[in-house]
Amino acid sequence: MNKTEKKRAREKQTVSEMITLYCGKNHGTKQGGLCTESTSYSL
């Protein structure tokens, strides 16, 4: 895995975590809940 691929993988993980935190805080969903659509769309 080259440098760009590593950075992209790390960014995907960061975005997924941000969505999970946002959704949990704002509408009480757990990972795998309603916010799966948002995660799929963003990645």
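Helix α1 covers residues 3-27, and its 25 residues should span 36 Å at 1.5 Å a residue; the C-alpha atoms at its ends are 36 Å apart, so the two values agree. The expected span here is 1.5 Å times one less than the number of residues. Helices are DSSP runs of H or I with at least four residues, strands are runs of E with at least two, and both are numbered from the N terminus.

Please keep in mind that this is a predicted model, where local features need pLDDT of at least 70, side-chain atom pairs count only at pLDDT 80 or more, and totals for chains, interfaces and linings use all residues. Residues are numbered from 1 along each chain as its sequence is written, and side-chain values use heavy atoms, leaving out hydrogens and water.

## The chain overall

The protein chain has two helices and zero strands. Of its 43 residues, 14% count as buried (under 20% relative accessible area, with exposed over 50% and partly exposed in between; 1.4 Å probe, protein chains only). Its accessible surface comes to about 3900 Å², with 54% belonging to carbon and sulfur atoms.

## The ends of α1

At the N-terminal end, Asn2 caps α1, with a side-chain oxygen 3.0 Å from the backbone nitrogen of Thr4. After α1 comes Gly28, whose phi is positive, near 65°.

Within α1, the residues Ser16, Ile19 and Cys23 are buried. The cover over the buried residues of α1 includes α2 (36-42).

Helix α2 contains Ser40, which counts as exposed because its relative accessibility is 53%. Ser40 and Ser16 lie 24 residues apart in sequence, and their C-alpha atoms are 9.1 Å apart in space.

Note on methods. Areas by Shrake-Rupley, 256 points an atom, 1.4 Å probe, with all protein chains shown as cover. Contact = heavy atoms within 4.5 Å. Polar contact = N/O pair within 3.5 Å; in protein donor to acceptor, adjacent residues only side chain to side chain.
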